[in-house]
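Me: Please take a close look at one part of this structure, the packing of its helices, and explain how it relates to the nonpolar core and to the contact between the chains.

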Amino acid sequence: MQKCFSMKLKNELEEIIRMSKLIDKFGDEHNITPDTLYEINLALEEILTNIISYGFEDKLKHNIFIEGHLHNNILKIKIEDDGIAFDPLSIKEPDLESNIEERQIGGLGIHLVKTLMQNISYLRENEKNVLILEKLLKCTEDLIPIK
Amino acid sequence: MLKFYYNKHENRLLCTFDERMDSMSSPNAEKEISKKIDGLSIENLSIVFDLEKVDFVSSAFMRICIKFAKKLKKDNFKIVNTKLMIKKTYKIAGLDKLMNIE
């Protein structure tokens, strides 16, 4: 399995943009389609926003570690933080059917991540949250122009 | 930068966005829009979000859309010039059935 990127982020929302630039660079290097890149960036935005906004009960600085590994066209992104235990897979699916008056405002972020990724796994290890997102990559070279 | 264009005759507020609408930018946008509609008559007010210059939205921005759509009468909230990937994201969130997204 090839390690293709890694980054240490501070627990500040501004850091998400830095992560997004790294993903875009990875996409350029591997000819990933813009749609696939968008989906990866969106999933990371949602996960990191949750960790940074709700993961830390103190006001101290924390680090979040991100690593991307590529194997057989599957990108595995490992996200590790030392915040409070939080398993995104335990979150109840939001109600997507109710009308606008009854629609709840929260819960959409995790739903987007679950829908856009092929697989998600979570474990709590050594007082840390370890989340692994798996995304099947589509490359621009795979696209056959229509004649 | 978020810009506003208000048509008094139609009681319609057009909001144009020109940046990534994520967890960083969306809370400020929400405050600015709330401040703007505070002085307007909510009765028959319509709000249009123009996303022509927006390439990325997260659930933080969708929450704003739900919030303002809830405040208004049915069909009085509209999103226009939406890029395909953003439309797809609204569809996954089940919002395409609740608001007019063009």
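Reply: A crossing of two helices is called right-handed if the near helix is turned clockwise from the far one by less than a right angle, and left-handed if it is turned anticlockwise. In this predicted model, α1(B) passes α2(B) in a right-handed crossing. Helix α1 of chain B covers residues 26-38 and helix α2 of chain B covers residues 59-71. Their axes lie 9 Å apart and the packing angle is about 20°. Since angles under 35 degrees count as roughly parallel, α1(B) and α2(B) are therefore roughly parallel to each other.

The residues that bring these two helices together are B:S26, B:A29, B:E30 and B:I33 from α1(B), which meet B:A60, B:F61, B:I64 and B:F68 from α2(B). By class, this contact of α1(B) with α2(B) has 6 nonpolar residues, 1 polar residue and 1 charged residue.

Helix α1 of chain A (residues 15-29) packs with α2(A) at an angle of about 155°, the axes being 10 Å apart. Angles over 145 degrees count as roughly antiparallel, and α1(A) and α2(A) are therefore roughly antiparallel to each other. The crossing of α1(A) and α2(A) is right-handed. From α1(A), the contact takes in A:I16, A:M19, A:S20, A:I23, A:D24 and A:G27; from α2(A), the residues include A:L37, A:I40, A:L44 and A:L48. Divided by class, the residues of the contact of α1(A) with α2(A) are 7 nonpolar, 4 polar and 2 charged.

In soluble globular proteins, nonpolar side chains tend to be buried together. Here, the largest nonpolar core has 50 residues, and those with the most contacts inside it are A:A43, A:I47, B:M62 and B:C65. Helix α2 of chain A (residues 34-54) supplies the largest share of this core, 10 residues. Leaving aside residues up to four places away in sequence, B:M62 touches A:L108 as well as B:V57, B:A93 and B:L95.

Finally, there is the contact between the chains, where 21 residues of chain A are in contact with 19 residues of chain B. On the side of chain A that touches chain B, the elements giving two or more residues are α2 and α3 (108-116) of chain A. Of these, α2(A) gives the most, with 7 residues. This side of chain A divides into 9 nonpolar, 5 polar and 7 charged residues.

Notes:
Residues numbered from 1 in each chain as written. Chains lettered and ligands numbered in written order. Predicted model: local features only at pLDDT ≥ 70, side-chain atom pairs only at ≥ 80, totals over all residues. Core = buried A, V, L, I, M, F, W, Y, C linked by C-beta atoms within 7 Å. Buried ≥ 20, exposed ≤ 12 C-beta atoms within 10 Å, placed from the backbone. Helix = DSSP H or I, 4+ residues; strand = E, 2+ residues; numbered from the N terminus. Contact = placed C-beta atoms within 7 Å. Axes fitted to C-alpha atoms, helices over the stretch in contact; angles between N-to-C directions. Parallel < 35°, antiparallel > 145°, perpendicular 65-115°, else oblique. Nonpolar A, V, L, I, M, F, W, Y, C, P; charged D, E, K, R; others polar.
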